[in-house]
Amino acid sequence: MESSSGSTRREATRQKLYEAAVTLIAEQGFSATTVDEIAERAGVAKGTVYYNFASKSVLFEELLRHGVGLLTASLQEAAERTAREGGSKTDALDAMIRAGLVFIDRYPAFTQLYVAELWRTNRAWQSTLLVVRQQAVAVVEEVLREGIANGEFHEAIDVSLTASALVGMVLVAALDWKAFQAERSLDDVHSALSRLLQGRVSGRG
């Protein structure tokens, strides 16, 4: 049985491998990235990569699972914090938008990879990607359902599509922010998306 210190060391090693892999794959693509390069970037022996992951594909699949898991947890925490503070479901969605932006600001290379992989259909990890994507979207769906149940949101809302649209809005807007409008602050980007969420774009509200 692995000791707690051994488990902690292994998690730290896996984290270094995740970070090395995500930056390399973002720079040069999955196919062009080798295990040797990942090991060198992470500062570990090549055998350490295979000790932790059976192959490069398994490493990347676990990287996707790990990264989207972090995003899902941050969205969940934002919703729960808003509930504890007595906020509305709109407030919860707004807090989740900000949490998503904070995540993307912290992990831009991962977000770039994640969005790119969503469009590929021939990858070995496609089924895993769909599962973890749904876990993130499901957190938003739950808030929407609660808002419908308490009368805050219209019952005609398409929960699944609306949740996907909100998550997609944050991902794409944040990538555009990082790539083309990097001078803007996180608060500025959040404010713009918040106006969309609250229906204050037309000038009537």
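The model is predicted.

Start with the core. The largest nonpolar core holds 58 residues. Within this core, Met-96 and Leu-101 touch the most other members. In soluble globular proteins, nonpolar side chains tend to be buried together.

Now take α5. This helix has 18 residues and reaches 26 Å from its first C-alpha to its last, close to the 26 Å expected. Ser-88 caps its N-terminal end, with a side-chain oxygen 3.4 Å from the backbone nitrogen of Thr-90. The buried residues of α5 include Met-96, Ile-97, Leu-101, Phe-103 and Ile-104. Among them are also Lys-89 and Asp-94. The cover over the buried residues of α5 includes α4, α6, α7, α8 and α9.

Leu-101 leads on to α9. Beyond its neighbours within four places in sequence, Leu-101 is in contact with Val-170, Ala-174, Trp-177, Leu-186, Val-189, His-190 and Leu-193.

In α9, Leu-186, Val-189, His-190, Leu-193 and Ser-194 are buried. Why do they sit on the same side of α9? Because they cover an arc of only 135 degrees around the axis. An α-helix has 3.6 residues a turn, so residues three or four places apart point the same way. What covers the buried residues of α9 includes α5 and α8. The helix itself has 12 residues and reaches 16 Å, close to the 16 Å expected. Just after α9, Gly-199 takes a positive phi of about 70 degrees.

Note on methods. Residues are numbered from 1 along each chain as its sequence is written. This is a predicted model: local features need pLDDT of at least 70, side-chain atom pairs count only at pLDDT 80 or more; totals for chains, interfaces and linings use all residues. Side-chain values use heavy atoms; hydrogens and water are left out. A nonpolar core is a set of buried Ala, Val, Leu, Ile, Met, Phe, Trp, Tyr and Cys residues joined through side-chain atoms within 4.5 Å. Buried means under 20% relative accessible area, exposed over 50%, partly exposed in between (1.4 Å probe, protein chains only). Contact means heavy atoms within 4.5 Å. Helices (H or I, at least four residues) and strands (E, at least two) are DSSP runs, numbered from the N terminus. The expected span of a helix is 1.5 Å times one less than its number of residues. The arc is that of the directions from the helix axis to the C-beta atoms. A polar contact is a pair of N or O atoms within 3.5 Å; within protein, one must be able to donate a hydrogen and the other to accept it, and residues adjacent in sequence count only if both atoms are side-chain atoms.
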